[in-house]
Amino acid sequence: MFVNVIGLGYIGLPTALMLASHGVDVIGTDYNGQVVEQLQKGQTTFKEKGLDDLFQKALRAGIRFSDSYQITDMYIVSVPTPYNPETKQVDAQFVVASVRKVLKICRRGAIIVIESTISPGTVDRYIRPEVKRAGYVVGRDIHLVHAPERIIPGNMLYELIHNNRTIGADSREVGEMVKRYYSSFCQGEIIVTDIRTAEMTKVVENTFRAVNIAFANELARICRHDNMDVYEIIRICNMHPRVNILQPGPGVGGHCIPVDPWFLVGDYPDLTAVTAACMETNAGQPAFVLRRIQEIMNQRQLLDASRVGLYGLTYKENVDDIRESPTRQLLNCEMDGVRPQFKVYDPFVTQDAVPNQYHDFERFLDDIDMIVIMVKHQLVQQSWNQLRDKVILDCQNICPLDGVLHL
Ligand code: SAJ
């Protein structure tokens, strides 16, 4: 069997490589010609532990890349699904555009698997009508499946193999067929269910995480208010057998946790008070950090905001992805009516992404008096000695030095 993976980003590329290196005939397609060109040249397009080795393995197994859609038995669509900032609903335009292109060239009997995260009802609302418009009958000519991904950036390849998965299909038979493809590399349990359940579970999983982080962030604010140690409190609470609170941080970034829960709020505005409040709490966390920086600057009589440095620009540790990153959110907040002119350094970000960004750690340290640890990259954990003369605000609770300040 022959698979065309559509969208070669953070999820599509590893999935295509995994399938190819486990014996499936794969062509990866992306509408971005530069991505395709780079992959054709034998170079990966982002950093991820183990990705380069897997890429070489897949190349040896015969994976190909193209900017055009292919005539195959199965399509895996893995393109972005942002949310509409006004309605908060899922913006399915990229998924719909991809499905339309598939329908133009595919044969009868083809299976279209949507891997992108979509809100419950998206297949019914946007995808089934496309199949009908193309003159096909769903379930007879074209089979629709939703197989959301659960892998975590930073540990993607391990999780691709070991995580449990969900496959939603209209018929058991098609679900089981798709399961066989994923079973080529996935050692976790693969549940076959219906499409709407698969849509809902994916969004609920990320909402659960967003709500839990929001609770931790709220606790951080309460503890700051009355000078309690939030980390010690969470650590002790988590020793209870049925309590598992996540960690407060400088904000919630990435393409999933700050996005997917809004799909539920957008679709069910009258039923999602808890989710909506949690999303607002997380979105307000960079402003909370900014107020904390201001407070410390006042206490330490640091007058020049341009001598404050933010360590970390990615949305989390040990990845090079800066989408929705808390540092970028913080740089967009205002301090006394103006945007802060903080210096920024991130060892994972080699391109210029924000103003006052450094690419050399020593020079960055020379130009600052206060450092704010925004991201717990492993590299910063090898550099504590170099930070001894700085005022340190550690938003990740990782710095072992004396006198470190926290959220
Ligand atoms: N964060 C905290 N406190 C924590 C954990 C995370 O503030 O205790 C922050 C991180 O620093 C980051 C943000 O949350 O800014 C999101 O990071 P993450 O590691 O929680 O999640 P993602 O976006 O990298 O991956 C999530 C995962 N979902 C769940 O854990 C439920 C992953 O399994 C999904 O595959 C992925 O979303 C996705 O693609 O949906």
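A salt bridge is a side-chain nitrogen of Lys or Arg within 4 Å of a carboxyl oxygen of Asp or Glu. The model toured here is predicted: local features need pLDDT of at least 70, side-chain atom pairs count only at pLDDT 80 or more, and totals for chains, interfaces and linings use all residues. Residues are numbered from 1 along each chain as its sequence is written, and side-chain values use heavy atoms, with hydrogens and water left out.

**Stop 1**

Select Glu130 and Arg100, whose side chains form a salt bridge (2.9 Å, N to O). Glu130 sits in helix α5 (residues 122–133) and Arg100 in helix α4 (residues 93–105), so the pair, 30 residues apart, links distant parts of the chain. Helices here are DSSP runs (H or I, at least four residues), numbered from the N terminus. By the salt-bridge rule the count comes to 19.

**Stop 2: the domains**

Colour the chain by its division into domain 1 (3–193), domain 2 (203–283) and domain 3 (285–406). These bounds come from an automatic or database domain assignment.

**Stop 3: between domain 1 and domain 2**

Show domain 1 and domain 2, whose C-alpha centres lie 30 Å apart. Here 14 residues of domain 1 are in contact with 12 residues of domain 2, contact meaning heavy atoms within 4.5 Å. The buried area between domain 1 and domain 2 is about 1100 Å², with 60% given by carbon and sulfur atoms. In domain 1, select Tyr83, Lys88 and Pro120: they lose the most area to domain 2, together 41% of what that side buries. Buried area is the accessible area (1.4 Å probe) that two parts lose on being put together, summed over both. Two salt bridges are counted between domain 1 and domain 2. Next, select Arg150 and Glu205, whose side chains meet in a salt bridge (2.5 Å, N to O).

**Stop 4: the second largest pocket**

A pocket is an open set of points on a 1 Å grid where a 1.4 Å probe fits, with protein on both sides within 12 Å along at least five of seven lines; lining residues have an atom within 4 Å of a point. The second largest pocket has a volume of about 200 Å³. Of its 13 lining residues, select the closest to the centre: Arg224, Met228, Asp229, Val230 and His406. Helices α8 (195–225) and α9 (230–237) each supply at least two lining residues. Domain 2 and domain 3 each give at least three residues to this lining.

Note on methods. Grid points are joined across faces, edges and corners, and a volume is the space filled by probe spheres set on the points.
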